[in-house]
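Please look at the model shown here before reading on. The paragraphs that follow lead through it step by step.

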Amino acid sequence: MTRHDPIETTDPPAPGFSEAEIETIDAARDILRRHARATAVLQSWTMLTDYLALNAVRERVEVFRVLLLDRKNKLIRDKIMSRGSIDHVPVYVSEVLRSAIVLDASALILSHNHPSGDPQPSQADINMTRKIVDACRVMGITVHDHIIVGFGREQAAFSMRAARMLGD
C-alpha cells in the first residue's frame, strides 16, 4: 500500500489556463504546502489565501475544505470535506468534528470556493459556519476563520473572522 499525500487535490483541467500555467500553479501549490507544514499556517494572510486560491483554481464546483492545525498552528492535514454544485456545497458538522478529533487537531481553518467569483458569504454559509464554531467550542477546538475564495479578474478572499461573522 502506498502512502497517500495528506493534501487532497483534483486534476481536472482549469478553464482558461494553458498546460504550462497549470504546471506552474501545481508547483506553487506544492511549495506553499511544504512551507505550511514547516511553519505556522497563520503567519501570513497572503500565504494562507494564496494557498487556498491555488487549491481552488481548478475547481468548477464549490468545494468545502478544512485545514486541520496542531497547537502551534502547523498544518496537520488539508482535507476536502465535500464537493457540491456551482453554487452550493453540503457540509456536515459531525464530519468536520470527527476529522478534528481523529487527527487531534486543536484548531481549524474552514474554507470553500465560490466558482462565480464573488467571495461574499450567503446566509447559508454564515449559518453553517456558526454551527461548526459552536460545536467546536464545546469540544475545545478553535475555529480561526472561514475563508471564502472567489475568482474574477483577480483572486479575492473573504474572511468571516475579519467581518465578525464567526459568532464570537
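**A walk through the predicted model**

Isoleucine 101 is partly exposed, for its relative accessible area is 48%. This residue is found in helix H3, which comprises residues 93-102. Together with Val138 and Met139, Ile101 makes a nonpolar surface patch of about 320 Å². The model in which these residues are seen is a predicted one.

The protein chain contains four helices and five strands. Followed along the sequence, these elements give the pattern α-α-β-β-α-β-α-β-β. Of the 168 residues in the protein chain, 46% are buried. Among the contacts in the chain with a separation of 6 or more, 66% are accounted for by residues 24 or more positions apart. The chain exposes about 9,000 Å², and carbon and sulfur atoms supply 52% of that area.

Which residues of H3 are buried? They are Val96, Leu97, Ser99 and Ala100. These residues lie on the same side of H3, because they cover an arc of only 160° around the axis.

When residues up to four places away in sequence are not counted, serine 99 touches Leu68, Lys79 and Met81. Just after H3, aspartate 104 takes a positive phi of about 55°.

The charged residues come next. Side chains of opposite charge can pair when their charged atoms come close. How many salt bridges are there? The count comes to four. One of them joins the side chains of aspartate 78 and arginine 65, with 2.9 Å from N to O. This pair links distant parts of the chain, since aspartate 78 is in strand S2 and arginine 65 is in strand S1, 13 residues apart. Aspartate 78 is buried at 0% relative accessibility, and arginine 65 is buried as well, at 5%.

Arginine 98 pairs with glutamate 95, and their closest N and O atoms are 2.4 Å apart. Both residues lie in H3, three residues apart, which is about one turn of the helix. Arginine 98 is partly exposed, with a relative accessible area of 46%, and glutamate 95 is partly exposed at 34%.

Aspartate 134 is partly exposed at 43% relative accessible area, and arginine 137 is partly exposed at 45%.

The last stop is helix H2, residues 45-56, where asparagine 55 is located. Is asparagine 55 buried or exposed? With 5% relative accessibility, asparagine 55 counts as buried. A polar atom of its side chain lies 3.0 Å from the backbone oxygen of tyrosine 51. Asparagine 55 and isoleucine 25 are 30 residues apart in sequence, and their C-alpha atoms are 8.7 Å apart in space.

Methods. Residues are numbered from 1 along each chain as its sequence is written. This is a predicted model: local features need pLDDT of at least 70, side-chain atom pairs count only at pLDDT 80 or more; totals for chains, interfaces and linings use all residues. Side-chain values use heavy atoms; hydrogens and water are left out. Helices (H or I, at least four residues) and strands (E, at least two) are DSSP runs, numbered from the N terminus. Buried means under 20% relative accessible area, exposed over 50%, partly exposed in between (1.4 Å probe, protein chains only). Contact means heavy atoms within 4.5 Å. Accessible areas come from the Shrake-Rupley method with a 1.4 Å probe; for residues, only the protein chains shown count as cover. Patches are made of residues with over 30% relative accessible area and no salt bridge: like charges are joined within 9 Å, nonpolar side chains (Val, Leu, Ile, Met, Phe, Trp, Tyr) within 5 Å. The arc is that of the directions from the helix axis to the C-beta atoms. A polar contact is a pair of N or O atoms within 3.5 Å; within protein, one must be able to donate a hydrogen and the other to accept it, and residues adjacent in sequence count only if both atoms are side-chain atoms.
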